[in-house]
Amino acid sequence: MPKTSEAPARIIVDGVSKTYRLRHTQSFKETFTAWARRKPISTSFQALEGIDVTVGEGESIAVLGYNGSGKSTLLKLISGVLRPDRGRVLTRGRVAGLIEVGAGFHPDLSGRENVYLNAAILGMSKDEIDAKFDEIVDFSEIGEFIDTEVKHYSSGMFVRLAFAVAIQTSFDILLVDEVLAVGDAPFREKCKAKIRELAERDKTLFIVSHDLGMISELCDRGIVLRRGNVIFDGPVSDAIQALKASDR
Ligand SMILES: Nc1ncnc2c1ncn2[C@@H]1O[C@H](COP(=O)(O)OP(=O)(O)OP(=O)(O)O)[C@@H](O)[C@H]1O
């Protein structure tokens, strides 16, 4: 049974399914040969099947599951990057997402220009960004690299800057997909402290991670996905047990 939060809902995932099309040919020649031999050119793969999840205001939720279980697909549906084939996803309030390392960054622009670009995409005005700029750079620890083109950044530097921008926006829902894993240990500690502070300020947090230690420190509730289905939804410690007890 899906758990229904008592707090007013921020996210409703209602009977959501998502299917991907897997292509089996690369070229026109291969497509023609497959067609002539009556072989399928593509097949479909169901990544999520009838998912029901309601997340309340101020909840911190972990999404757990082995590789390929559908966690990123679920986050992308909530962020609006993907659309469901069936069912619906409703969100209330502003959504900020840290979904892919470097996503939303323009490689030929400097860190500074990307801060302005990203923060504007996330709904901040120029004056708001000006006022927060130093705090963003301080948190990211990018230092003198702020005027370097981000194509020269390491993946950890990308994430530090993206995280620093996202937490300065006035979001209600923060989606974090595994990206913190590329940060080094001191930065991860700093992010954890920030995430705890955000949770105390009643932000809704939706975190995908394989780092069970981090998850159990930050989240109250855990959802376990297995092959596109929710197999557990409840207290995070029980979710971790359910994950460990399940197979791929
Ligand atoms: N664009 C796509 N086209 C085809 N198949 C896809 C696409 N994106 C994801 N998939 C498939 O859907 C399934 C779920 O992928 P998803 O990335 O949501 O899993 P995940 O639980 O986040 O995995 P991981 O722990 O490895 O990050 C996988 O089998 C994946 O290969």
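**View 1. Pairing of β1 with β4 in the predicted model.** In this predicted model, strands β1 and β4 pair with each other in the antiparallel sense, and 5 bridges join them. Within this pairing, Ile-12 is the residue that stands opposite Leu-90 of β4. As a general point, the strands of a sheet pair through backbone hydrogen bonds, and the pairing may be parallel or antiparallel.

**View 2. The open sheet of 3 strands.** The strands follow the order β2-β1-β4 in an open sheet whose pairing is antiparallel. At the edges are β2 and β4 (86–91), each of which pairs on one side only. On average, and with direction ignored, neighbouring strands of this sheet are turned by 25 degrees against each other.

**View 3. Helix α2 and the sheet.** Helix α2 lies across β1, β2 and β4, and the helix runs at about 120 degrees to β1. The elements β1 (9–23), β2 (42–56) and α2 (71–79) each supply at least two residues of the shell around the ligand, and α2 gives the largest share of that shell, with 3 residues.

**View 4. The shell around the ligand.** Around the ligand there are 13 residues, of which Gly-68, Lys-71, Ser-72, Thr-73 and His-210 come nearest. Sorted by class, this shell has 5 nonpolar, 7 polar and 1 charged residues.

**View 5. Polar side-chain atoms and the ligand.** A polar side-chain atom of Lys-71 lies 2.6 Å from an oxygen atom of the ligand, while for Asn-67 a polar side-chain atom lies 3.0 Å from a ligand oxygen atom. In the side chain of Thr-73, an N or O atom is 2.6 Å from an oxygen atom of the ligand. On its own the ligand has 640 Å² of accessible area, and the protein covers 62% of this area.

Conventions. Residues numbered from 1 in each chain as written. Predicted model: local features only at pLDDT ≥ 70, side-chain atom pairs only at ≥ 80, totals over all residues. Heavy atoms only, no water. Near = heavy atom within 4 Å. Polar contact = N/O pair within 3.5 Å; in protein donor to acceptor, adjacent residues only side chain to side chain. Areas by Shrake-Rupley, 256 points an atom, 1.4 Å probe, with all protein chains shown as cover. Helix = DSSP H or I, 4+ residues; strand = E, 2+ residues; numbered from the N terminus. Nonpolar A, V, L, I, M, F, W, Y, C, P; charged D, E, K, R; others polar. Pairing = 2+ DSSP bridges. Axes fitted to C-alpha atoms, helices over the stretch in contact; angles between N-to-C directions. Contact = heavy atoms within 4.5 Å.
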